[in-house]
Amino acid sequence: MSIWIRPFTPADLDAMCANTAVEHLDIRFTEVGDDYLVATMPVDHRTVQPMRLLHGGISCALAETLGSLASNLIVDTDRQLAVGTEINASHVRSASSGRVTGTARPIRLGQSQHVWEIRIDDAQGRLVSIARLTNAIVPRR
């Protein structure tokens, strides 16, 4: 059974992110599962640090994009918004080329708080980073 408030396609999610940092970083949604989202991001001049390895902060940007958008796909955004309140990440392997893939899955979906685990893998399926994002569900002003 799907957790989403209505059906979404990867193209719908890409369109939501037009003209944002998400588009600038070339984060592209590739899959919407019943309880997960998947997106990819390049390892290129926009996303590497000076040693030409994937920047840890940009990995967090991918993770927060996935987890925050996922929470907002669950709530009634006419009345509520999900906003990130805490993110932590462990970077366990470097990536220097290709695209990385992030997959967000819920850990807890409460009325006032959502917690997501976001796994970022390289093109060979090896774990690059693992993050946990907490979102507060707040009234829309």
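This is a predicted model: local features need pLDDT of at least 70, side-chain atom pairs count only at pLDDT 80 or more; totals for chains, interfaces and linings use all residues.
Residues are numbered from 1 along each chain as its sequence is written, and side-chain values use heavy atoms, with hydrogens and water left out.

**Two loop residues**

Stay on Asp26, which sits in the loop between α2 and β1. (Helices are DSSP runs of H or I with at least four residues, strands are runs of E with at least two, and both are numbered from the N terminus.) Its phi is positive, about 60 degrees, although Asp26 is not a glycine.

Now hop to Asn19, in the loop between α1 and α2 (21-24). Asn19 also has a positive phi of about 60 degrees without being a glycine. Is Asn19 buried or exposed? With a relative accessible area of 73%, Asn19 is exposed.

**The sheet**

Next, colour the strands. What is their order in the open sheet of six? Reading across, you get β1-β2-β4-β5-β6-β3, with antiparallel pairing. Two strands count as paired if DSSP finds at least two bridges between them. Look at the edges: β1 (28-32) and β3 (80-91) each have a single partner strand, so one side of each is left without a neighbour in the sheet. On average, neighbouring strands are turned by 25 degrees against each other, direction ignored. (Axes are lines fitted to C-alpha atoms, for helices over the stretch in contact, and angles run from 0 to 180 degrees between N-to-C directions.)

Zoom in on β2 (residues 37-42) and β4 (residues 99-109), an antiparallel pair with six bridges. Click Pro42 and you'll find its bridge partner in β4, Arg99. Then show helix α3 (residues 56-72), which packs on the sheet and touches β1, β2, β3, β4, β5 (113-121) and β6 (127-139). Contact means heavy atoms within 4.5 Å. The direction of α3 makes about 145 degrees with that of β3.

Slide along to β4 and β5. They pair in the antiparallel sense over eight bridges, and a hairpin of three residues joins them. Which residue of β5 stands opposite Arg105? That's Glu117. Show the side chain of Arg105 too: its charged end sits over the ring of Tyr36, 4.5 Å from the ring centre. (A charge sits over a ring if NZ of Lys or CZ of Arg is within 6 Å of the ring centre and within 35 degrees of the ring normal.)

One more strand stop: Thr134, in β6. At 10% relative accessibility, Thr134 counts as buried. Beyond its neighbours within four places in sequence, Thr134 is in contact with residues including Val83, Gly84, His114 and Val115.

Trp4 belongs to the segment before α1 (10-16) and Trp116 to β5, so to speak two distant parts of the chain, 112 residues apart. Both residues are buried.

**Cysteines, and out to the end**

Now pick Cys17, which is buried at 9% relative accessible area. How many disulfides does the structure have? A search of the whole structure finds zero, a disulfide being a pair of cysteine sulfur atoms within 2.5 Å. The closest cysteine sulfur to that of Cys17 is in Cys60, 17 Å away, which is too far for a bond.

For the last stop, go to Arg141, in the segment after β6. Arg141 counts as exposed, at 95% relative accessibility.

Note on methods: Buried means under 20% relative accessible area, exposed over 50%, partly exposed in between (1.4 Å probe, protein chains only).
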